[in-house]
Amino acid sequence: MFSFSEIALLFFIYSFLGWCVEVAFVAVTAGKVTNRGFLNGPVCPIYGCGMIGVLLALLPVEKNIWLLFLGGMVICSAVELFGGWILDKIFHMRWWDYSDEKFNIGGYVCLAFSFMWGMAVVFAVKFVHHPIMAVVKKIPFQIQVIIVVVCGVVFVVDMIVTLKNLIGINKSLGQLDKLAESLHTVGDQLKDVVGNSAITVAEKAEEGMEILDEKTADSRERIAGVREESAERIAKQLKELEEKRDAIMESLQKNVKHRLNTPPTLNKSGKSINIVEYIKDYKNAKFVEGDIIEISGTLKTQLIPKN
């Protein structure tokens with residue numbers, strides 16, 4: 001799957017990227033820039049070891065997100081547990097401590113960060129590794145060997161000087177100490193660049209979120225105002241419609257009442273008579289055959305009762 005030179009290159013690459021992640025993470029969360037590396041140079045070997053283990057074990061199942069996630073949790077947590085225990089027991093130093101976190105093991109690992117390692121592995125394998133590997137594949141084998149030898153020598157020298165200082169040996173190692181000091185200077189310079197850049201990006205992101213929140217609040221207020229205006233306008237229109245409806249109904253009621261109270265009239269002999277009054281007078285009238293009578297003073301006719 002990988003040649004030895006490719007594995008070595010990937011180890012140094014991910015060790016450096018892991019160091020950058022550590023510096024940026026601490027800068028953003030703690031608000032201060034510190035060199036998170038165990039060595040003088042800008043590398044965190046534990047990240048390189050963890051990523052190499054992940055690539056060798058999980059690349060064949062990278063299409064299965066759940067296996068990739070769970071495998072990343074287990075492998076990275078195991079590397080973190082072993083590395084933390086070694087540093088603590090041999091050098092009596094802790095570069096991280098999860099004692100305050102829930103579900104931790106000796107403060108070396110905890111469930112929350114194991115979960116984060118799983119997600120980080122999925123992201124790294126899916127989006128980071130393949131572009132890096134494409135670049136590595138383009139490097140000629142001889143150049144790969146040269147890079148690995150140079151980085152390897154610098155790494156070993158840095159490790160020797162760091163262990164000497166941790167153990168407490170005061171003996172000077174001459175050029176090795178100078179090389180380690182140069183690495184430390186480079187690490188500090190990169191630390192400032194990475195840490196301050198991370199803080200700046202975090203501040204910009206926070207400002208952007210605040211602006212977004214303000215715009216969101218303004219938009220909500222505008223929407224609420226539009227809704228209120230629409231509700232008032234609709235209520236006004238409904239009220240106008242109700243008033244028109246009431247006016248129409250009142251007009252209809254008056255018209256119907258007028259028509260009921262004013263029965264139709266009948267024209268006869270050029271005179272207009274009221275049918276209701278005519279029928280009423282007719283029923284109340286006393287007449288005999290051939291009599292000529294006047295009904296309500298409106299009509300003179302000869303009434304002949306039926307047998």
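Author: Helices are DSSP runs of H or I with at least four residues, numbered from the N terminus. The model is predicted, so local features need pLDDT of at least 70 and side-chain atom pairs pLDDT 80 or more, while totals for chains, interfaces and linings use all residues. Residues are numbered from 1 along each chain, and side-chain values use heavy atoms, without hydrogens and water.

Reader: Which side chain makes a polar contact with that of Glu80?

Author: Beyond four places in sequence, Glu80 is in contact (heavy atoms within 4.5 Å) with Ile46, Trp96, Tyr98, Tyr108, Val109 and Trp117. A polar contact (N or O atoms within 3.5 Å, one able to donate a hydrogen and the other to accept it) of 2.6 Å joins the side chain of Glu80 to that of Tyr98.

Reader: How many charged residues has the lining of the largest pocket?

Author: Helices H1, H2, H3 and H4 each supply at least two residues of this lining. By class, the lining has 31 nonpolar residues and three polar ones, while the charged residues number five.

Reader: Which element gives the largest share of the lining of the second largest pocket?

Author: The residues that line this pocket include Phe12, Phe16, Cys151, Val154 and Phe155. Two or more of its lining residues come from each of H1 and H5, and the largest share, four residues, comes from H5.

Note on methods. Nonpolar A, V, L, I, M, F, W, Y, C, P; charged D, E, K, R; others polar. 1 Å grid on protein atoms, 1.4 Å probe; cavity = no way out; pocket = protein on both sides within 12 Å on 5 of 7 lines; lining within 4 Å.
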